[in-house]
Amino acid sequence: MSVIYAQPLKVGVAGLNHDHVHNIMNQFKNGEVIIIGIAEADEPLVAKYKKAYHLPDSLFYKSVAEMLEHIKPDAVLAYNAIADHLGVVEACAPKGISVMVEKPLATTVKDAERMAMLARQYHIQLLTNYETTWYSSNQQIYQMVNGQHNIGDIRKMIVHMGHQGPKEIGCSPDFLKWLTDPVKNGGGAVMDFGCYGANLMTWLMNGKAPIAVTAVLHHIKPAIYPKVDDDATILLDYPTSTGIVEASWNWPYGIKDMEVFGQTGYLHALNGNAIDARDTGSYYKVPVKPYIYKDNLPYLAAVLRGEIKPDNDLSSLENNLIVVRILEAAKVSASTGKRVLL
């Protein structure tokens with residue numbers, strides 16, 4: 001059963017140059033959230049969204065700081081370049097306003113640690129939103145691994161995340177401009193899709209970081225993506241298990257799946273709603289129960305209202321600090337050709 005709140009959150013939106021912002025615009029249109037302010041300095045981009053979603057001039061401000069002089073939202077949701085997440089937290093935290101950013105949390109460990117320091121100093125929530133968090137299949141695999149239907153200790157995890165490429169699938173020019181920038185996005189496929197695997201594996205490992213990270217990055221399409229990698233393979237070394245993250249902008253179709261091999265069984269989340277399973281004697285389909293939270297908004301509301309604590313959740317600050325450490329180590333490993341100890 002999904003969670004439904006009679007009182008939608010009142011939020012501010014930081015940035016419009018991330019194509020995921022269409023999600024919250026549709027949630028707004030459907031009455032699932034109340035947008036009381038939007039911070040965006042790009043006037044053509046503002047005009048585009050005003051027209052597309054019939055938004056009044058009164059919602060718009062040039063910056064997050066200016067927006068927060070006029071509104072008091074329950075939270076601010078960031079839909080801007082990853083490198084700009086820090087600025088959003090720096091504006092919101094001293095005012096006691098919680099923040100949810102789109103994945104990943106930050107481009108560098110330095111930025112992530114400053115964001116975490118501000119969140120702790122001012123006692124705000126700092127959460128990260130991933131599409132795969134709301135996959136009922138992933139949530140059910142986590143419950144099975146940690147519950148009575150467990151498959152024993154995890155021995156190997158494999159996460160495939162990717163598609164044909166952001167330009168190839170039609171991402172907007174405003175999105176592509178920073179998504180393919182080594183500073184604004186921190187990298188290419190390694191950041192865009194590598195973060196999903198790092199996030200899921202940190203969760204399955206109950207918040208433990210790997211011992212070491214080894215990575216290979218490829219630049220297969222320099223004519224399309226001249227500045228960043230477009231294919232990444234990241235190996236995470238744990239004491240008794242291994243994680244393999246395969247992230248790519250070079251695949252013939254889009255895929256977001258996860259395989260988990262345990263001592264006594266195997267689970268494969270093929271997509272958000274289907275799980276295949278095997279043990280030593282049989283192959284079977286696992287009935288998937290809908291996850292209680294269908295997307296980020298009811299989860300965010302529950303956290304802000306103290307109904308749940310993020311702890312090691314996929315959106316949690318603790319998990320995503322480790323994710324950024326893994327991604328930074330992956331880039332170092334790829335550039336040096338060496339295994340990087342965490």
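How many bridges join strand 5 to strand 6? Four bridges join strand 5 (residues 98-102) to strand 6, and the two strands run parallel. The model is predicted, so local features need pLDDT of at least 70 and side-chain atom pairs count only at pLDDT 80 or more, whereas totals for chains, interfaces and linings use all residues. Residues are numbered from 1 along each chain as its sequence is written, and side-chain values use heavy atoms, with hydrogens and water left out.

Six strands form an open sheet in the order 3-2-1-4-5-6, with parallel pairing. Strand 3 (60-61) and strand 6 stand at the edges with a single partner strand each, so one side of each is left without a neighbour in the sheet. Strands here are DSSP runs of E with at least two residues, helices are runs of H or I with at least four residues, and both are numbered from the N terminus. Two strands pair if DSSP finds at least two bridges between them. In general, strands of a sheet pair through backbone hydrogen bonds, either parallel or antiparallel. Within this structure, M100 stands opposite L127 in strand 6.

Helix 5 comes next. The 13 residues of helix 5 (residues 109-121) should span 18 Å at 1.5 Å a residue, and the end C-alpha atoms are 18 Å apart, which agrees. The expected span of a helix is 1.5 Å times one less than its number of residues. The buried residues of helix 5 are V109, D111, A112, M115, A116, L118 and A119. Buried means under 20% relative accessible area, exposed means over 50%, and partly exposed lies in between (1.4 Å probe, protein chains only). What covers these buried residues includes helix 4 (85-92), strand 6 (126-129) and helix 11 (317-336). Just after helix 5, H123 takes a positive phi of about 55°.

Helix 11 can be described in a similar manner. At 1.5 Å a residue, its 20 residues should span 28 Å, and the end C-alpha atoms are 29 Å apart, which agrees. Among the buried residues of helix 11 are L317, N319, N320, L321, I322 and V323. Just after helix 11, G337 takes a positive phi of about 75°.

The side chains also form links. The structure holds eleven salt bridges, a salt bridge being a side-chain nitrogen of Lys or Arg within 4 Å of a carboxyl oxygen of Asp or Glu. One of them joins K294 to E32, with the closest N and O atoms 3.0 Å apart. K294 lies in the loop between strand 14 (283-286) and helix 10 (296-304), and E32 in the loop between helix 1 (21-29) and strand 2 (34-39), so the pair ties together parts that are 262 residues apart in sequence. K294 is partly exposed at 46% relative accessibility, and E32 is partly exposed at 30%.

Another salt bridge links R339 with D237, the closest N and O atoms being 2.5 Å apart. This pair connects distant parts of the chain, 102 residues apart: R339 is in the loop between helix 11 and strand 15 (340-341), and D237 is in strand 9 (residues 231-237). R339 is partly exposed, with a relative accessible area of 48%, and D237 is partly exposed at 25%. Salt bridges that share partners also join E32, K294 and D295 into one network.

Methods:
Contact means heavy atoms within 4.5 Å.
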